[in-house]
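Hello,

Here is the structure I promised to pass on. My notes on a pocket and some charged pairs follow below.

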Amino acid sequence: MEERFAKLAQVLPDWYQSHRRDLPWRRDREPYHVWLSEIMLQQTRVEAVKGYYLRFLDALPTVDALAHAEPDLLHKLWEGLGYYTRVRNLQKAARQILEDHGGVFPTDHREVLSLAGIGDYTAGAICSICFEQPTPAVDGNVLRVTSRVDACYDPITDAKTKKAVASRLAAVYPAGRCGDFTQSLMELGATVCGPNGAPHCDVCPCRNFCRAYATGCQMELPVKAAKKERRVEEKTVFLMRCGDQYAVARRPETGLLAGLWAFPHVDGKQSPQAALDQAAAWGVHPKELLKIVEKSHIFTHVRWDMTGVYLTCGQPAGPFRWVTAEEIREEVGLPTAFRQFWED
């Protein structure tokens, strides 16, 4: 069993050097760059991240710039990536680096783990890629590869499975090539031993020692525990225009989408008349209901079913900020759940 993991460490770093994709965050091993990319890549496709990564570094090229950035700029740079706690933790960690480490990214694995928003996976990636330490970064891609190589039916959603894989990988990390090994496992899982459809076993460097390939059980692996069903919440979202201005409001400072800009919204699905009554209660003097649009947005544990009510108004009143279309494009970061109404 351990021999197969040792073979991964033998064959994958060289394979990676000749087969890796050209991605912006692979052009150096600067800890800030690797850290930023790994946080962005959580729950987000590689192709979607490329532009965000370059724009973010253009606006905030250093840890110091990140630490001192205005929250609205952070949210605008992150707009559309979702999971906004990630960018808030980025800034918290940047401030920790300034205050606790003199502005220098720590190299000790335990100190990296102590930074806000950094867990085992991200700490493992940073310390192996940037500092050549034998610290595995075990995510879904890596677990898929190891499950198939071992023909292991332990659920990869079980924390014990992940911990066991990390321990076994740490024991075989090749000295001097730790970063290449970490990235080769990620790359193989993303491009060859992928999550959707059959793996490309014909071009896999591991096929000679992969048990799933030998026994033909590739499509049965990895095993995942059944997910809990998401709860559903209904919302009514108001797109209110007064002249060339539109109403936006801050979300509460705690909970889902905390502190972000959004279009005004209330719980529940309101009828057209109830929506007009609500707008009148806000003092905006609703004039015309232009249209109603239904949208949904899925978060990790909840789905919002939303009714968008488009209104023209006579008074830019209420507990809102009234902004122009240009301000929405350039300054006001709207989460995707609400931006989809703007783009409709």
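R21 is partly exposed, at a relative accessible area of 28%. (Partly exposed lies between buried, under 20% relative accessible area, and exposed, over 50%, with a 1.4 Å probe and protein chains only.) Keep in mind that this is a predicted model: local features need pLDDT of at least 70, side-chain atom pairs count only at pLDDT 80 or more, and totals for chains, interfaces and linings use all residues. Residues are numbered from 1 along each chain as its sequence is written, and side-chain values use heavy atoms, with hydrogens and water left out.

**Salt bridges**

The partner of R21 is E187: they form a salt bridge, with the closest N and O atoms 2.9 Å apart. (A salt bridge needs a side-chain nitrogen of Lys or Arg within 4 Å of a carboxyl oxygen of Asp or Glu.) E187 sits in helix α11 (residues 178-191) and R21 in the loop between α1 (2-19) and α2 (31-41), so the pair ties together parts 166 residues apart in sequence. (Helices, H or I with at least four residues, and strands, E with at least two, are DSSP runs numbered from the N terminus.) E187 counts as buried, at 0% relative accessibility.

The structure holds 24 salt bridges. Here are two others:

- E79 pairs with K76, the closest N and O atoms being 3.1 Å apart. E79 is buried at 12% relative accessible area. K76 is buried too, at 14%.
- E233 pairs with K235, the closest N and O atoms being 3.6 Å apart. E233 is partly exposed at 24%, while K235 is buried at 8%.

There is also a network: salt bridges with shared partners join D14, R29, E132, R177 and D180.

**The second largest pocket**

Its volume is about 490 Å³. (On a 1 Å grid over the protein atoms alone, a pocket is an open set of points with protein on both sides within 12 Å along at least five of seven lines; lining residues have an atom within 4 Å of a point. Grid points are joined across faces, edges and corners, and the volume is the space filled by probe spheres set on the points.)

Of the 25 lining residues, L81, G82, Y83, Y84 and F299 are the closest to the centre. α3 (46-59), α6 (85-101), β5 (286-298) and α15 (336-343) each supply at least two lining residues. The lining divides into 13 nonpolar, 10 polar and 2 charged residues. (Nonpolar means Ala, Val, Leu, Ile, Met, Phe, Trp, Tyr, Cys and Pro; charged means Asp, Glu, Lys and Arg; the others, Gly among them, are polar.)

Best wishes

Notes:
1 Å grid on protein atoms, 1.4 Å probe; cavity = no way out; pocket = protein on both sides within 12 Å on 5 of 7 lines; lining within 4 Å.
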